[in-house]
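Please keep the sequence and the structure in view while reading.

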Amino acid sequence: MVPMSYHIKALPALGVGASLSLSSKPDPVTLVKAKGGPSFVEYAGLVDVDAVIGEVNRVHEAGASVLYHPSYINFCGSFPNSKDWLEATAEHIAKVKSAWFAQDVAYCFWDQDAAYSTSLGYFVPPVFNRASLEKAVERVKEVQSIVPVTVAIEPPPLTFFAGSMSLFSFFGELAKRTDCAILLDMGHLVSYEMASGKKIKEELNELPSERVVEVHVAGGRLKHVADGPIYVDAHETTILDETWEMLEVMLPELPNVKAVCYECEGVQESSVLPTLKKIRRLVKEHSTSKELVNSLDNSI
Amino acid sequence: MSFEQQERALFDLLFDSELRDRFCEDQLKALTDYDLDQAEQDDFKAIRPEALKLDAAMRADLLLSQLCKSFPLSFSITSSLNEGLLVLKQLIDTKTMHTPAIERATMIGNRLREQYASFSFTSEKEQAIATAILEAELGMTWTSATLKREVLDNGPLPETQANLDENSLQKPIKLASFVSASIIPQSYGQLKNKLCTVDDDCLWRQLNKIPLSVSVRTRILHTEDPRLLVARAHVSRISKCEPAADFKTVELSEGFAPLFQHVNGSMSVAQILAQLKQIGAQEQMLQSIQAAFQQLLDSGMLEFA
């Protein structure tokens, strides 16, 4: 096994946080100040830090740290990232003091046209095979050469699945070969099971679980068709039972998790705090990450 | 054997509806045009046809939701036309999606304009009015895209605001860069209020739920108070990655439009006014025209040649 670098082990434990839109409801600062509010705020903002720094400073002043989650980096495929965009990302992360940054391994743009994932509607998942893996290694290293903080790669939401490799064999090898961390979104894992017909539990031995530093929990919808349900990522909706179950399955497997994030953009403010409370309870009950559990002591 | 061929197939499955339909009927046969070996073809076997269809539909919906912000009036009008929403959805194809993101809205606008010839309106006049509205929005979309491309290619633009002084009327004038001018049947703001009853962010979803009715469209488009809409795109956020553009707009009387043919860098405002006086224009009209030119100079839509 490729040893995990110290830079991942040494990342700070951030506790249980929330992913929010900085400039709309629910208001990040109001939530941070509330009892039982998020201990960090993750946001998917614009590449240019000047567009968000005012809002980020408000969050810092309220006492929470932030994590930046871009949505414009190609971590896979043949189309290289723009040097200008990566340099702007590095500047962004340095200014907002994001301890690491994570993004879905998916196509955000096509051809030579650097852009947000919205330019394709949303993320286009890669084909999971060896040729694709080689390109993903190239893309992640391309990002790491310009953006100096720890990169965490995230399996994307999958409406459909194409390829011959399992999800965790693809991500496991990608993480080891690029020495990067991993973010696991519980809903995305549910989506993988539904799209591929495979079971996450049966692939756990392929996951370098010590590299998983962040976990996401978010709302989703199921579209029922003749050959079974299809998972649709929908942060503004209720967290599905399948997602909660996946969290309970995964937490004991992840000894080095530093942060659990509830992605709640567009969710009613009144339901955010109870959900954070439930997540903290589950972390206490199921997580094997002592650092993460210890970080909760002051916030429950 | 080529990974690039697999990528091409993946992209086409998402944005080429004919290929997608064929794939859903017979997965392997649909991919024979791609240079894929057996293992590469087999990678696509795992795709559930219904899931692929759903993915493509959601993707098109999200893309149109963004594009709708560039064409709120035209998308609203199109929703009232027979199969209008379907035509818009069909415009999300590989041709559109291979267009760089900055230029994509312009591409959609141009393609929608081509489609307008084959839509059924209640009258030719109504069709002409709807086309004029689309062309106004297309003009603004094009100037915005051109401006963003210019900033990306060459960096921040020098400020071009004319220095106005007592000699301003004597200097030859021309249209500034990134300016569009179109005649629309009513004030843009009034049309927006009548045709778009929700915020731009929600408009596409709203139009899918409740398309504009034919009777409302006809009533709105038959109310005429024509204006010359002059719009200048300007940079609202400078960036090496994604400059943002906004618009300054001025609405003038429709009668001002013919004067624009003289705004070509060869004549001054004073010369244009003198010619108008020669053909019998009244003092009050001349004052009004001079004020309009002044307004256009003040707002940077005209500049000295």
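Chain B has 15 helices and 6 strands, where helices (H or I, at least four residues) and strands (E, at least two) are DSSP runs numbered from the N terminus. This is a predicted model, in which local features need pLDDT of at least 70 and side-chain atom pairs count only at pLDDT 80 or more, while totals for chains, interfaces and linings use all residues. Residues are numbered from 1 along each chain as its sequence is written, and chains are lettered from A and ligands numbered from 1 in the order in which they are written.

Along its principal axes, the C-alpha trace of chain B spans about 80 × 50 × 30 Å. Of the 305 residues of chain B, 36% count as buried, a residue being buried if 20 or more other C-beta atoms lie within 10 Å of its own, exposed if 12 or fewer, and partly exposed in between, with C-beta atoms placed from the backbone. Among the contacts in chain B with a separation of 6 or more, 76% are between residues 24 or more positions apart; two residues are in contact if their C-beta atoms, placed from the backbone, lie within 7 Å.

In chain B, helix H14 (residues 269-278) packs with helix H15 (residues 283-298) at an angle of about 160 degrees, their axes lying 11 Å apart. H14(B) is therefore roughly antiparallel to H15(B), a term for angles over 145 degrees. The residues that make the contact are tabulated here.

| Helix | Contact residues |
|---|---|
| H14(B), residues 269-278 | Val269(B), Leu273(B), Leu276(B), Lys277(B) |
| H15(B), residues 283-298 | Leu286(B), Ile289(B), Gln290(B), Phe293(B) |

By class, this contact of H14(B) with H15(B) has 6 nonpolar, 1 polar and 1 charged residues; Ala, Val, Leu, Ile, Met, Phe, Trp, Tyr, Cys and Pro count as nonpolar, Asp, Glu, Lys and Arg as charged, and the others, Gly among them, as polar.

Between the chains, 37 residues of chain A are in contact with 33 residues of chain B. On the side of chain A that touches chain B, helix H4 (83-96), helix H5 (130-144), helix H7 (186-196) and strand E8 (220-225) each supply at least two residues, and the residues of that side divide into 19 nonpolar, 11 polar and 7 charged.

Gly77(A) is found in the loop between strand E3 (65-68) and H4 of chain A. Gly77(A) is buried, with 25 other C-beta atoms within 10 Å. Leaving aside neighbours within four places in sequence, Gly77(A) is in contact with Tyr107(A), Pro126(A), Lys135(A), Arg139(A) and Glu7(B).

How values were computed
Axes are lines fitted to C-alpha atoms, for helices over the stretch in contact, and angles run from 0 to 180 degrees between N-to-C directions. Angles under 35 degrees count as roughly parallel, over 145 as roughly antiparallel, 65 to 115 as roughly perpendicular and the rest as oblique.
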